[in-house]
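Good morning, and thank you for coming.

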Amino acid sequence: MSGKPATAPEDPDRPGHPDRRDRSDRPDRRDHPDQRRPHQPPEPSTLPEHPDHPNHPDHPGPPPPPKAPRPPAPRRRWSLRTRLVVSAVALIAVVGAVIGTVTSIALYSYMQGQLDRQVHEFVMRAQMPRPHDPRLPRGDLDFVAMAGQPLGAVGARIGSGGTAEAGAKLTNPTGRLPEERLTGLTKAQVAALNRLPRDGRSHTAELPGLGDYRVESAKDGSLVLGLPLADVQKTVGRLVLIEACVTAAGLAAVGLAGSAMVGIALRPLRRVAATATRVSELPLHQGDVALHVRVPASESDGRTEVGQVGAALNRMLGHVGSALAARQESETRVRRFVADASHELRTPLASIRGYAELTRRGREQPGPETRHALGRIESEAERMTGLVEDLLLLARLDSGRPLAYEPIDLSPLVVDAVSDARVAGAGHRWRLELPDEPAVVYGDAGRLHQILVNLLANARTHTPEGTTVTARVRAAAGAAAGGVGGVQLEVRDDGPGIPAELLPHVFERFARGDASRSRAAGSTGLGLAIVQAVVAAHGGTVRVGSVPGRTVFTVTLPRAAAASKACDTAGGTAPGTGR
């Protein structure tokens, strides 16, 4: 940037300055006793006494800011196969649980009914008259030890007061005497028998230390007799265990078999998904696309659900293919028209420029207005000629016309392009950063030179004078196009930058950001579009990054060896031309 160098502010302490004063009368701050004293805390008497005061030494300070809540973890989505298998297993588990529960309840009720009948029969037998054994007193408990009574039976005589005073349990059916076969009940067990209703019906009683019993009282209220429920409970418990084991084994088998069956059933759907994936990987956004991918006929039968999906996808692909073919035909017509029109306009424009120059240089001296008009005609014809040349070049690149490929060192091209730009933009500062080793790429020298000219002209046109523009050539770090090492060409400036709203569209045709990118500045809006088209034709990439004070265009091209190998692999077609 041109201009007078900034002068440093005058030092008021230098001799002769008008603001300089004699400072001998000022006390030296370093000699002042208060200035040499280190910082000390205030006296204890001046500290606030209340601990909640913010200046108190024990004040805890402001509370810490609340922590931001953690975002909830994303829920893991199950696949269709998993959902189907889990749903089937869960449904079978519920059905098995219901069947097991109903079976267990039914068996328990049946066995309890049998036990109730046995209790009733024994109570009826105990009430029947029988010869008295002189060895036992009246009111005895010998009915508990009657023949046929199961082990563990209990009984008690009801006294005149309506309660049982004592009871017995059959513990030794092989004893000769009743007292050898019976064992007395405890008071707690007798109390449990007394709590049962005397209605002549069987009831469940829990006797402490003995477990659950089915107990029935005689209709005349003379005795109570009960049989243990342990056998019934053990049988039902064993049934529940068997049902649980069988259900678990069945669920495991259903899970494995269901997973295999669902996988087989979903195989056509996976084929349909594979077809859609192949279509999504096709370059549908450019070029002549032949959309021949279809779902096989076996997976497009409309009589099945998966077949309906496959048939719908085939119909959609057919419509998309027709639309792409129509788009390609329309683009081809437009490109042919642009190429033909550009080619046909070159001769009339050259004639206009020639006749205008001939008239201006003729023997007859034209007037000032005529000279101005002739100058404008030449200027506009020259601008239109450049526009026509750019359109013709883009049309040729779009049509895939081959370029003249050869190994080229980028460093001499950059030196020549920067030298030309320095002449055209003397108000800018131009710099070069070149590598020590040759940066050889495989491409068309004329088109690569045009890339440099367009990028440097873009930096010169859209930045003010005094801007520094740097052209740099270096080896690309990592990989370039095709995953091989490449060469990077950077054009960097410290101008105002590209507006953020324009940045995604800078490589589009006829893209202009502001008034500075107008036709008056000589911009057609095609320079960067040509850069992108030429770089793509060479199998490279171009990108831009811009912030105020720094704008960088980076072109990455494959090295000569990698590009030549890619060309040989493609059957002699240069990269980017066999579209």
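I begin with Arg-509, which counts as partly exposed because its relative accessibility is 42%. For these classes, buried means under 20% relative accessible area, exposed means over 50%, and partly exposed lies in between, with a 1.4 Å probe and protein chains only. Arg-509 sits in the loop that runs between strand S11 (486-493) and helix H11 (527-537). Its C-alpha lies 9.8 Å from that of Leu-394, although 115 residues separate the two in sequence.

A word on the basis of these values. This is a predicted model, in which local features need pLDDT of at least 70 and side-chain atom pairs count only at pLDDT 80 or more, while totals for chains, interfaces and linings use all residues. Residues are numbered from 1 along each chain as its sequence is written, and side-chain values use heavy atoms, with hydrogens and water left out.

Now the chain as a whole. The protein chain holds 12 helices and 13 strands; these are DSSP runs, H or I of at least four residues for helices and E of at least two for strands, numbered from the N terminus. Of its 579 residues, 32% are buried. Taking contacts (heavy atoms within 4.5 Å) between residues at least 6 apart in sequence, 61% join residues at least 24 apart.

Next, an annotated segment. The unreviewed UniProt entry places a "transmembrane region" at residues 84-111; UniProt positions are given in the numbering used here, feature names are shortened, and annotations may be inferred rather than shown by experiment. In the model, residues 84-111 are 100% helix and 0% strand, with 40 Å between the end C-alpha atoms.

I turn to the sheets. In general, strands of a sheet pair through backbone hydrogen bonds, either parallel or antiparallel. Here two strands are said to pair if DSSP finds at least two bridges between them.

Which strands flank S5 as hairpin partners? S4 and S5 form a hairpin with 3 residues between them, and Gly-209 in that turn has a positive phi of about 85°. S5 and S6 form a hairpin with 5 residues between them, and there Gly-221 has a positive phi of about 75°. The S4 and S5 pair has 5 bridges, and within it His-203 has Val-215 as its bridge partner. S5 and S6 are likewise antiparallel over 5 bridges, with Glu-216 opposite Leu-225. S5 is mostly covered, with 5 of its 7 residues buried. Further along, strand S1 (residues 154-158) pairs with S6 (residues 223-228) over 4 bridges, Arg-157 having Leu-223 as its partner.

Strand S10 (residues 468-475) and S11 run antiparallel, joined by 7 bridges, and Arg-474 stands opposite Gln-488.

Finally, the interior. A nonpolar core is a set of buried Ala, Val, Leu, Ile, Met, Phe, Trp, Tyr and Cys residues joined through side-chain atoms within 4.5 Å. The largest has 46 residues, and those touching the most other members include Leu-410, Ile-451 and Val-555. H11 gives the most to this core, with 7 residues. Beyond its neighbours within four places in sequence, Ile-451 contacts Val-531, Val-534, Val-535 and Val-555. A second, separate core of 22 residues includes Val-123, Ala-218, Leu-225 and Leu-227.
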